Amino acid sequence: MGKTVLIVDDAPTIRQMVGFALKGNGNYDVVEAGDGSEALEKLKGGLKPSLVITDLNMPKMDGITMIKNIRKMPAHKFTPILMLTTESLGSKKKEGQAAGATGWIVKPFKPEELVQVVGKVIK
Ligand SMILES: [Mg+2]
């Protein structure tokens with residue numbers, strides 16, 4: 001059975017690109033959420049992803065707030081979380097790590113880079 005990756009981004013094109021890359025290049029199931037609050041609902045509903053990949057700027061609930069909330073959930077205290085950042089958001093990397101993020105992927109990225117990073121993070 002494939003491992004599940006939760007991709008959280010308000011841009012459908014990014015969710016599709018991540019989904020396409022991970023479904024095509026590895027044994028991953030991909031679940032999508034359009035913002036932080038939608039992602040938290042899915043986790044509270046029992047979703048147990050092996051990895052969460054999240055955008056930072058999103059409506060309703062941003063990525064940093066979502067990461068803080070995920071780390072408060074006992075079931076997801078150690079779930080790897082990768083942030084999608086742009087170079088111009090360099091200061092957000094530290095903020096994200098302080099909130100509990102495992103690492104980051106800089107946008108724009110190639111599908112094969114994403115697959116490589118995901119393979120390193122998911123044991
Ligand atoms: Mg966004």
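**Close-up views of the predicted model**

View A. Leaving aside residues up to four places away in sequence, Met61 touches Asp35, Gly36, Ser37 and Met66. Met61 sits in the loop that joins S3 to helix H3 (63-72). Met61 counts as partly exposed because 16 C-beta neighbours lie inside 10 Å, and a buried residue would need 20 or more. From Met61 to Thr79 the separation is 18 residues in sequence and 19 Å in space, C-alpha to C-alpha.

**View B. Helix H1, residues 12-25.** H1 has 14 residues and reaches 20 Å from its first C-alpha to its last, close to the 20 Å expected at 1.5 Å a residue. Its buried residues are Arg15, Val18, Ala21 and Leu22. These residues cover an arc of only 135° around the axis, so they lie on the same side of H1. The elements that cover them include strand S1 (3-8), strand S2 (28-33), strand S3 (51-54) and helix H5 (111-121). On the face of H1 turned away from the buried side are the exposed residues Pro12, Thr13, Phe20 and Gly24.

**View C. Ala75 in the loop between H3 and strand S4 (81-86).** Ala75 has 12 C-beta neighbours inside 10 Å and therefore counts as exposed, the limit for that class being 12 or fewer. Ala75 and Leu47 are 28 residues apart in sequence, and their C-alpha atoms are 10.0 Å apart in space.

Methods: Residues are numbered from 1 along each chain as its sequence is written. This is a predicted model: local features need pLDDT of at least 70, side-chain atom pairs count only at pLDDT 80 or more; totals for chains, interfaces and linings use all residues. Helices (H or I, at least four residues) and strands (E, at least two) are DSSP runs, numbered from the N terminus. The expected span of a helix is 1.5 Å times one less than its number of residues. The arc is that of the directions from the helix axis to the C-beta atoms. Two residues are in contact if their C-beta atoms, placed from the backbone, lie within 7 Å.
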